[in-house]
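The sequence and structure are shown first.

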Amino acid sequence: MFKKSEVYKILTLMSVFLIIGFTFAGIGCVDKNTKDTSTTGEVPNASESSTAKESIIVKGSDTVLPLSQAEAEEFMLKNQDSDITVIGGGSGVGIAALIDGEAEIAMASREMKESEIEKAKNNSINPVETVIGWDGIAVVVNPENPVTQLTFSQLQAIYDGNVSNWKDVGGEDRQITIISRDSSSGTYEYFKEEVLKGREYRQDALVEPATGAIVQEVAQNKGAIGYIGYAYLDNSTKALTLDGGEGNFVPATEENILDGKYPLARQLYYYTNGEPQGLTREFMDYVLSEEGQAIVSDVGYFPVK
């Protein structure tokens, strides 16, 4: 028979062996489970919950700016993994950004110049033009100004410096304050081509960097005259009826702009480097969709579809 002390020793040794055995068994199970989880991909991946948004920059024309802002806002509500930054500054600024690779889309209220296209190609940029809407340029005065209409000849004389008083075009004896956009603006270029016929703007013209500033100045100055995109028209200014040289005075209305009767109607453009791809394509497809073209109307411009 075993002594009592020997029984205690045997039981103690058995307990130790059992603990060691369970410990190794547990380690084996942990290793196996860890290996299986890593190979089956069941361990959560931190990158899946923090996926970076795809983003593009749309830059350029202040005329196209409010339209692009509205389009981008609606698009991002429907595509929350996308980020579209819209920046104004003028058509020339946007086109330069496209050429320099700083923007995916250039907004423009005029066609690209040959010099810009050549510069783009020299920089390995292939400009592709897309028409996204129509606009009319309204010539505006203060609502208290009694003048309601001008011919292109009168308008040209005001802006090239040959006429400086409203009495010379049927108005009151009041000095005319001439307001223009800056030279980076597509509206500036279009007005110079269509109204001034290539002549230079008068030297004393008040140059504004944004259309909103023109609206504000005309609204506060009884002697002021300026030109703005149709979408910027409101009750703070008065749009003049224009005769483009055909003997008919035509008001700036949606019907007249779309019919081509209004003499200062033009297209609005997006320019991309080659055919648009990825998020740029998705956004432009949205702008040209039925919903996107409805936004064109809501903002105050005119759809191409």
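## What counts as a salt bridge

A salt bridge here is a side-chain nitrogen of Lys or Arg within 4 Å of a carboxyl oxygen of Asp or Glu. The model is predicted. Searching the whole structure gives twelve salt bridges.

## Lysine 222 and glutamate 144

Lysine 222 and glutamate 144 form a salt bridge, and their closest N and O atoms are 3.1 Å apart. This pair connects distant parts of the chain, 78 residues apart. Lysine 222 is in the loop between helix H7 (211-220) and strand E8 (224-229), while glutamate 144 is in the loop between E4 and strand E5 (149-151).

Lysine 222 has a relative accessible area of 40% and is partly exposed. Glutamate 144, at 54%, is exposed, because exposed means over 50% relative accessible area.

## Arginine 266 and aspartate 135

A salt bridge also joins the side chains of arginine 266 and aspartate 135, with a distance of 3.0 Å from N to O. Arginine 266 belongs to strand E11 (residues 265-273) and aspartate 135 to strand E4 (residues 127-141), so this pair ties together parts 131 residues apart in sequence.

Buried means under 20% relative accessible area.

## Arginine 181 and its network

Arginine 181 forms a salt bridge with aspartate 182, where the closest N and O atoms are 3.1 Å apart. Both residues, arginine 181 and aspartate 182, are buried. Through salt bridges that share partners, Asp62, Arg181 and Asp182 are joined into one network.

Technical notes: Residues are numbered from 1 along each chain as its sequence is written. This is a predicted model: local features need pLDDT of at least 70, side-chain atom pairs count only at pLDDT 80 or more; totals for chains, interfaces and linings use all residues. Side-chain values use heavy atoms; hydrogens and water are left out. Helices (H or I, at least four residues) and strands (E, at least two) are DSSP runs, numbered from the N terminus. Buried means under 20% relative accessible area, exposed over 50%, partly exposed in between (1.4 Å probe, protein chains only).
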